[in-house]
Amino acid sequence: MELKAPRGTYDVLPPETAKWQYVEGVLRDTARLFGYSEVRTPIFEHTELFERGVGDTTDIVTKEMYTFEDKANRSLTLRPEGTASCVRALIEHSVYGGIMPVKWYYGGPMFRYDRPQAGRYRQFCQFGVEVFGSHSPFVDAEVIMLLVEVLQRLGLDGYELHLNSVGCPKCREIHRQKLVEHMVPVKERLCHDCQTRLVKNPLRVIDCKVRACQEAIAGFPTMYDNLCETCHNHYAQVKTVLGDNAIAFIQDHNLVRGLDYYTNTAFEIHIPQIGAQSAIGGGGRYNGLIQAIGGPDLPGIGFAIGMERLLLALETRPGAQRVGEEGRLQVFLAVQDEKYSALAMRLLDRIRRTGIISDRDYNQRSMKAQMKYADKLGARIVVVLGEAELARGTLVVRDMLSREQQEVPTESLTAVLKDLLA
Ligand code: AMP
């Protein structure tokens with residue numbers, strides 16, 4: 001049997017890894033800049049956490065979870081997303097007893113059993129932030145500003161920010177009644193799923209992807225028109241802050257969340273250039289979630305962004321191929337004769353101690369082959385440890401860009417290298 005990575009998973013190999021590290025670095029640095037600290041939670045949790053935290057009517061929980069029994073017959077699930085685990089950790093460690101709000105970020109693999117396609121995997125990576133313990137609309141704005149700052153740092157200007165408010169349970173109930181009144185007369189024109197949704201959760205008919213459903217419900221009463229005063233003001237404040245900070249958004253009445261614990265702000269980021277799976281991230285407020293998971297009545301808000309789609313978007317950016325180049329080999333040490341190997345190791349150590357990324361040949365290649373090898377590795381500079389030069393206490397330093405070379409005294413090698421690389 002030929003062994004391959006399981007369907008819907010992938011390997012990241014060099015030089016692609018450098019791009020991942022670059023994007024991860026930007027995400028981490030930006031989150032830190034905004035005052036967020038990292039949390040790391042287990043890759044698997046008790047299944048019940050996701051049933052409660054993600055919602056037992058969602059596609060994720062009903063169809064997509066990697067659930068298994070361990071040897072003690074506990075039902076465990078590979079995490080399909082990060083928020084539920086963060087909330088579980090917040091409650092378990094009573095973190096909410098400390099300073100509020102709590103501002104966390106996380107990153108790592110998530111698992112969903114879905115049909116793989118471009119931009120959709122069974123193991124994929126998310127980066128996310130969560131803020132617990134503040135009702136302030138300025139926090140909603142901050143979370144969105146953080147996400148936008150990441151995109152700007154990555155040079156991804158072609159994004160669309162979709163924004164909506166899903167209100168609170170109070171105004172949502174009024175909206176729900178109006179929606180039902182609007183939809184019942186056109187029930188026969190809705191798809192099979194939507195006919196069920198109409199009974200169970202009419203809000204979810206709004207984001208159905210079937211064109212006929214959208215046509216049937218055209219002109220539906222929007223949540224926006226039914227927000228209570230508190231929710232209306234909250235939403236207005238978020239939009240004002242975004243406007244103040246020159247962040248453009250699209251008010252999207254179709255952006256809904258099917259679950260009760262989602263409240264107020266909902267948002268999604270799309271990058272249309274990356275194709276059908278253009279949503280690279282999204283989030284919103286979830287004032288009812290912490291209580292639903294068994295904690296105190298605390299508000300929360302967060303977002304999650306998909307790393308694979310972010311990297312895909314990066315590829316559409318001019319100059320993308322140079323991303324991560326800083327990590328490339330800077331100096332290659334060519335050794336003319338195997339008898340200088342020990343000396344080469346001492347020299348390499350000296351070069352590396354100055355922070356210059358360097359390597360040498362270990363397979364006894366000829367001088368010519370070593371030059372080719374250095375070229376393949378993309379080395380900026382080759383240092384030649386040759387017999388004649390050694391006798392004079394010097395080394396040859398060759399700049400692979402300009403193709404110029406010079407003979408330098410061994411003791412000034414690192415200074416010369418630094419100069420050339422500056
Ligand atoms: P969600 O947790 O479903 O709101 O997804 C947030 C983001 O995670 C999406 O916008 C995607 O970028 C990413 N994402 C979700 N599911 C997958 C998947 N199966 N494969 C790759 N990325 C995903």
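I count a residue as buried when its relative accessible area is under 20%, exposed when over 50%, and partly exposed in between, with a 1.4 Å probe and protein chains only. This is a predicted model, in which local features need pLDDT of at least 70, side-chain atom pairs count only at pLDDT 80 or more, and totals for chains, interfaces and linings use all residues. Residues are numbered from 1 along each chain as its sequence is written, and side-chain values use heavy atoms, with hydrogens and water left out.

Entry: Ile-43 sits in the loop between strand 1 and strand 2 (44-46). I take helices (H or I, at least four residues) and strands (E, at least two) as DSSP runs, numbered from the N terminus. Together with Phe-44 and Phe-68, Ile-43 makes a nonpolar patch on the surface, with about 250 Å² of accessible area in total. Areas come from the Shrake-Rupley method with a 1.4 Å probe, and for residues only the protein chains shown count as cover. Patch residues have over 30% relative accessible area and no salt bridge; like charges are joined within 9 Å, and nonpolar side chains (Val, Leu, Ile, Met, Phe, Trp, Tyr) within 5 Å. A salt bridge here is a side-chain nitrogen of Lys or Arg within 4 Å of a carboxyl oxygen of Asp or Glu.

**Entry: strand 5.** Two strands pair if DSSP finds at least two bridges between them. Strand 5 runs antiparallel to strand 6 (residues 123-132), with 10 bridges joining them, and Trp-104 stands opposite Glu-130 of strand 6. With strand 1 (residues 37-38) the pairing is parallel, over 2 bridges; there Glu-38 faces Tyr-105 of strand 5. In the loop between helix 4 (83-92) and strand 5 I found Pro-101, and the peptide bond to Pro-101 from Met-100 is cis, with omega near -5°.

**Entry: the cores.** A nonpolar core is a set of buried Ala, Val, Leu, Ile, Met, Phe, Trp, Tyr and Cys residues joined through side-chain atoms within 4.5 Å. Which residues have the most contacts inside the largest core? They are Tyr-36, Val-143 and Leu-310, in a core of 49 residues. Helix 5 (137-153) is among the elements giving two or more residues to this core, and its 8 residues are the largest share. A second, separate core has 27 residues, including Met-110 and Phe-132. Contact means heavy atoms within 4.5 Å. Leaving aside neighbours within four places in sequence, Val-143 touches Tyr-36, Val-129 and Phe-267, among others.

**Entry: helix 12.** I noted that helix 12 is largely enclosed by the rest of the structure, because 7 of its 9 residues are buried. Among them are Met-307, Arg-309 and Leu-310. The buried residues of helix 12 pack against helix 1, strand 6, helix 5, strand 10 (279-285) and strand 11.

Entry: Asn-264 is not a glycine, yet has a positive phi of about 55°. Asn-264 belongs to strand 9 and is buried, with a relative accessible area of 7%. Gln-364, also not a glycine, has a positive phi of about 50°. Is Gln-364 buried or exposed? Gln-364 is exposed, at 58% relative accessible area, and lies in the loop between strand 13 (358-360) and helix 14 (367-377).
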